[in-house]
Structures are given as structure tokens and as C-alpha cells.
Amino acid sequence: MTPAIDAVDVLVWGGGTGGIAAAIQAARAGATTLLLTPGSWLGGMVSAAGVCCPDGNELTPWQTGLWGAFLRELERREPEGLDHNWVSCFGYRPSTAEAILQDWVKAESKLVWWPRCSLLEVERQGSLITALRMEVAGEQRRVRCQVVIDGSDRGDLLPLAQAPFRLGWEPQEQWGEPSAPTQQRLESEAFFREQPLQSPTWVVMGQLQSDRLATEPTKGIDPAGKPPLPQPFEQACEAFGLERTLAYGRLPGGLVMLNWPLHGNDWHEGLERGFSGTASQEAELYGEMQAQSLRFAEALQEASGGWLQLGDAFPAEAGSPAPWLAAMPYWREGRRLIGRQTLIEQDLLPQASATSVAPLPLNDAVELQSIAVGNYANDHHYPGPDWPLAPKSCRWGGRWTGTPFCIPYGALVSEAIDNLLAADKAFSTSHMANGATRLQPLILNVGQAAGAAAALAVRVGLPPAQLPVREVQNALIADPLAPSAVAPLWDTPWHHPQWRQRQEAVLTNPQQFAHGLASDGSTTQDMLPASRLEQLWSGTIQAEANGGFSFITNSGMVWPLITLEPSMHHWLNQLEGCKAVKLIANANPWGPWLRVSRLAG
């Protein structure tokens, strides 16, 4: 039976990755916290929606906060490790992620979780939310609160709270964003009416029957081939071939996350039903999305000669329609809060001064306003050709990575409601910027910042809108369990012995660090913890003309070589020609690459 609760310090409407992060952080910081979720699982993108190949924040300087803690716990719990695919540096099973989050919730005595809730009403007095009414376990409840956090994928709470929000495209004339369409195009082209926001996906899980697709001439199966699939998936394997298409989202145990953007299972039709439709219209939309994904899985199963089958990934308690279908859709975009600040495309792009860091968000007093760091390259999902976007990527560590940017605290705070924060994709961004801010790692840390701010507001007796940002930043940097970066320091990984001092130094003098470098530029590999599955490799490194690196083992096998560590990045950049070395690395046969962490000895 659900316990009776009349009032809490912090109330989180969740269901998204940011919502669970906010609730955990608020409780850890001492606030009595109630987390409400519409489903049976907690984690949103990272578990219930099955998006188990995280994008962005892959380099160790960005592996901080709850994202870093989550990543390291995933590696500890997955027996086969996380090196399994080529779309990400990490892959895990949804049940592993959900188990971590539920364990974290159970560990917090000040956190209560009510699953399978329906939000009914938001009560307000002027610019403050005072209570929420919801239905849980067949009963209606009313809970008073001091701070409210929307931690949902679609910004579910915003219309009920009458909080101003944006949904859909903004014209280039509004903010001067280089990749935004003009007002004339928005008004005249049917595409923008038919695609009001980025296309979502209902993830379906497959199961590979062996590590590699065997060549079967009698069946006409070629692992590198580009088999014609039935409509609308005819060109799904055109860019990468059959085997690479399937290895894209490979997870431990040969599970495969089917979340394929190239003529795959994104859904583009009637998306407005997810925001303004009736319950039956939303159910109709979800049924269409599931059917699309199942048709795609069936087409790949046939093309692979049965190498791919449907995979058992979601237990009954997840609330999934079937063991191979995610428990909820992957919404890339929803309602976006109108906040005290709005992150736009220019806030993501590297500065023109040839640095690889976006402009730091500074207030009029030249104080840093950042509460989280992201680095995803920006990516928008629509039918048809790729949407042209201003570039924000660079070569680093033998691979392409996104350049870092900051999330200002004001983007989490409602412009109209003083005690309302956003913790998931609903924080205040433009439509164009959302393509870089919507990913799992950054949303975990945005949620952590929202939870820290909520608990601090309760403790000092101020609404979140009036909090000194420096106090929120101090709490994040000094967090005893998951210290979180607020400044984008390329050369300072999470395990650096001076990590905290360098973060604090940026707050003291942000202009000195405007280019994302620490004071002395030094790096270290001495503090890097050993990885359970890392191995010693002996051979020769060769620098390639394209900025990449090859590693030739003593037995003659050639591997592409990458690193996520600043110390190794700097060492590799000084390499000329070939060099015989011994390294410590993790092998990913499906990348394929060796992910090197340090030199041996």
C-alpha cells in the first residue's frame, strides 16, 4: 500500500532520466523528496526507453557527476564490460541500468517513490506552486511542496502548471541561429507543419545468435552486403552494410538496440497526438510506433537469415508491451520551459578564436553561471536528408568528438514560476540547441543540478529563482558521492588529483579559463583506476594522416586506436611516425578499436 504523505520539501514529476537524477540528488542533500513516475521503471532514456548506448560526455573530463557514477557502476555490474558497439563507447542492458537506479533510490531514507501515477492538477498561488494532485494505486492524493521539478521527457507538468513553454521550431530571425529555418520557410513549407519536433523512436531489442554473421552463399547473405529491405526500410543498410547496421547498437550478451536513424525505425507521423491528443489518440500513436519497430526488426531478421531474432530485454515488471519492446518511447524532444535563460545554438558552438570550447555563460558581473557540461555534436532526426547543422566537432584521441558547452542555471528555472525547475529535456533551450542537449549523460547531470538547487532552496528558505548560482556550483563540485563539473576543462579528467581545485579556480576567475584549459595544462594518468577487463597489449603505434592512429600487435593484427584520456591524447598528438609500445587497453571488436587508457609501466 502506498504510504500517506501530506507534504514534502521537493516533489519531482519524473519518468525521465533527469527526474530520477533530481530526486536522488535532492534526497542526498537532505530534502524530503517524493518522486512520481507514470510507469513501473525509473530511468527514462537510460532504462525504460531502452536507449542503452549513451551519446556524449564520453571523454573522462566529462565523466563527472551522477553520469560518471552511473557509468562506473554499469562497468562494475556488466560481466562483459561496456565495449560492444560502434555508435557509442559504452553499451549495457536496460535491466542493469534500472537495477542501479532502484538501488540508489532504496538507499535514500528521505526519498519516496510512487510508480504508476497520473498527474491530475497543479495548485498555484501567484508565482508559486503549492501542491500537486495525483492518482496513485486507484486513490487520489494531494501533496504540498516547497519546490517542484519537472523530470519528464515531454514536459508533462508544464501545461498543468500554466508554465510558459515552447514546442516546435523557432525561426532564424528570433535568435539568429545559423541552422534554424527562416520565418518564410516555416510559414510556407509543409515539412515544418508535418514535423513539429524531432522524430521519436520506440526501441525494439534484437538478439544476435552468434558474435559474427556467417557468410552463407546458398542464402545470398553477405555480412558487408546491402540487402534491399521492404518499404519503408529499403535503404537502411545502404550506408554501412548489414553486419555494421546490426552492430551499431550491440549490447552485452549479443542484445541489439534497434534505434536506427537511417531509413529505420524513427517515427514521423502524427506526433502532435503525443502533446495535444486524447488518451486514445496517444495510444494510437504508440501502437503505430511499436508496429514500425517490429516491422523493422522483422525485415532485419529475414535479411540476416535469422542471425538476428527478437531479444528478451524487458521483464514483465517493466510494464513493456513485450519482452523485446521498450516500456516507453524515446522522445528526443517535447515541451521546453521558457526559463530565466535560454540556451541557443550559438551557445553550443566553438568560439571563433580557434578554441574547441563554446563561450562560457557569464553574467554581467563576469561570474560563471554554468551548472553542467555537455559535448554532444548536435543531431536532429527528421524524415529525409540530414538537417544541415553548424559544425561543433573536432578530432581528439584518434576519433571525432563533440566540443564542450555549458548549461546555465537560469535555463533550469521557470521564468514565471519561482519554485519550478526543469530536470530533463524540458529545460529552456531552443529547438536547434535541443539536438545537442537531449542526451542521457548530460540530462543525468542537469537533473543532478536541479535536485541540488531544490534542496539548497529548501535549506536556505529561498525559491530556486533567487538562489546564488555560486552556492549551487559549490554543492555540485564538492558533492561527496558524485562531484559534478561546472567548467569544461579538456585536460582535467574526473580522476585528476587537482580536479576540484581546478573547477573552483574557474569559478574564481572564469575569464582566465575561457579556452577550457587548466592553469598549467598538465595532465596525469597516475590516478586512473584500473578497468576490470583491460589488457596489456604489445606492438607498434602508427599515426595516420587523417588524425587517427593504428596499433599493430606483435602478431600482426591491426586495430584502430582511440583514447578517452587527456594524458594519452596529448601523448598521441606528439607521436611522429611509428613507435613500439606496451599499452593498457580495452578491446572492442565491434567498433572495431582498442580504447587505450595508459602506457604500461
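**Exercise 1.** Which strands does helix α9 lie across, and at about what angle does α9 run to β10?

*Solution.* Keep in mind that this is a predicted model. Start by finding α9, which covers residues 279–303. Now look at what sits against it: α9 lies across β8, β9 and β10. Finally, compare directions, and you get about 145° between α9 and β10.

**Exercise 2.** Work out the strand order in the open sheet of 3 strands, then say where β9 and β10 stand.

*Solution.* Step one: the order reads β9-β8-β10, and the pairing is antiparallel. Step two: β9 (255–258) and β10 (308–310) each have a single partner strand, so they stand at the edges and one side of each has no neighbour in the sheet. Step three: going from one strand to the next, the twist averages 40°. Step four: zoom in on β8 (residues 204–208), which is joined to β9 by 4 bridges. Here G206 stands opposite V256 in β9.

**Exercise 3.** Find the strands that pair with β1, and explain why β1 is largely enclosed.

*Solution.* First, take β6 (residues 139–150): it runs parallel to β1, with 6 bridges joining the two. Next, take β2 (residues 33–36), also parallel to β1 and joined to it by 4 bridges.

**Exercise 4.** Which handedness does the unit made by β1, helix α1 and β2 have?

*Solution.* Trace β1, then α1 (residues 17–28), then β2: together they make a right-handed β-α-β unit.

Key: Residues numbered from 1 in each chain as written. Predicted model: local features only at pLDDT ≥ 70, side-chain atom pairs only at ≥ 80, totals over all residues. Heavy atoms only, no water. Buried < 20%, exposed > 50% of the residue type's maximum accessible area, 1.4 Å probe, protein only. Pairing = 2+ DSSP bridges. Right-handed = clockwise from strand over helix to strand, strands pointing away. Axes fitted to C-alpha atoms, helices over the stretch in contact; angles between N-to-C directions. Contact = heavy atoms within 4.5 Å.
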